[in-house]
Amino acid sequence: AAATQTAAPPAQPPVKIVIAAEAGGPDAAAGRQVIDGLMLALAQSGNRAGGREVVTIPFDLNRPLAEVQAQLPALIKQEQAQFVVGRLALPGFSAQLKALSESGVISFIPGWGSAELAGKRCLPNVFSTGAQEDQGIDTLAKFVDEAGYRRIVLVASAQGEGAAKVFKRQFKGEILREVTLKDGALDYAQD
């Protein structure tokens, strides 16, 4: 009698996830939350998703925006990643979000998201799990107006330029001066 052998199904390639978060610098705590949260979820699932092994690929966002915009899409392409999880909705990331959308990779942004992700500019494969960055700023500008402040000095970080624009759009008083802090500034001291 002839013996029949059944071959094991071919192994499925792993699911590749780029974790884009700050590993160092002033935003390292927020970056660590993204990394730790994803790693905990993977540990609880046996490091599998959809029955396939998961491989994580770290990408440190603690670098100049121009480098992020050049290097992250290249890493996604090189690694053939299917997903990106990270803090990618910071002000100035419009070009990055467009590149992610065009790449087809599914991107998850834990926490607050850029207002650019809402309404007409909503992207089909980019998902933010929190409030828009401008929601609280709209409320702050309204409070300042209703409290009777008519002349202010506006202080914002370089990363907070989007929030500053929202505040200026909503505030009805006079902005005497704008102070933009350098990226990574830990206090309000000027150079």
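**View 1. Helix α1 and the residue that follows it.** After helix α1 comes G46, a residue with a positive phi near 70 degrees. Helices (H or I, at least four residues) and strands (E, at least two) are DSSP runs, numbered from the N terminus. The model is predicted: local features need pLDDT of at least 70, side-chain atom pairs count only at pLDDT 80 or more, and totals for chains, interfaces and linings use all residues. Residues are numbered from 1 along each chain as its sequence is written, and side-chain values use heavy atoms, with hydrogens and water left out. What span should α1 have at 1.5 Å a residue? Its 17 residues should span 24 Å, and the end C-alpha atoms are 24 Å apart, which agrees. The expected span of a helix is 1.5 Å times one less than its number of residues.

View 2. A28, G31, V34, I35, L38 and L42 are buried in α1. Buried means under 20% relative accessible area, exposed over 50%, and partly exposed in between (1.4 Å probe, protein chains only). Which strands do the buried residues of α1 pack against? They pack against β1 (15-21), β2 (48-49), β3 (52-60) and β4 (83-86), where contact means heavy atoms within 4.5 Å.

View 3. A salt bridge joins the side chains of R32 and D36, at 2.9 Å from N to O. The term means a side-chain nitrogen of Lys or Arg within 4 Å of a carboxyl oxygen of Asp or Glu; by this rule the count comes to six salt bridges. Both R32 and D36 belong to helix α1 (residues 28-44), where they are four residues apart, about one turn of the helix. R32 counts as partly exposed, at 43% relative accessibility, and D36 is partly exposed with a relative accessible area of 40%.

View 4. R169 and D138 form a salt bridge in which the closest N and O atoms are 3.9 Å apart. This pair links distant parts of the chain, 31 residues apart: R169 is in helix α5 (residues 161-170) and D138 in helix α4 (residues 133-146). R169 is exposed, with a relative accessible area of 54%, whereas D138 counts as partly exposed at 26% relative accessibility.

View 5. The side chains of R151 and E174 form a salt bridge of 3.5 Å, N to O. Because R151 lies in strand β7 (residues 151-157) and E174 in strand β8 (residues 174-181), the pair ties together parts that are 23 residues apart in sequence. R151 is exposed, with a relative accessible area of 56%, and E174 counts as partly exposed at 42% relative accessibility.

**View 6. Helix α2 and its buried residues.** Helix α2 (residues 65-79) has 15 residues, which at 1.5 Å a residue should span 21 Å; its end C-alpha atoms are 21 Å apart, which agrees. V68, L72, L75 and I76 are the buried residues of α2. Q80 follows α2 and has a positive phi, near 55 degrees.
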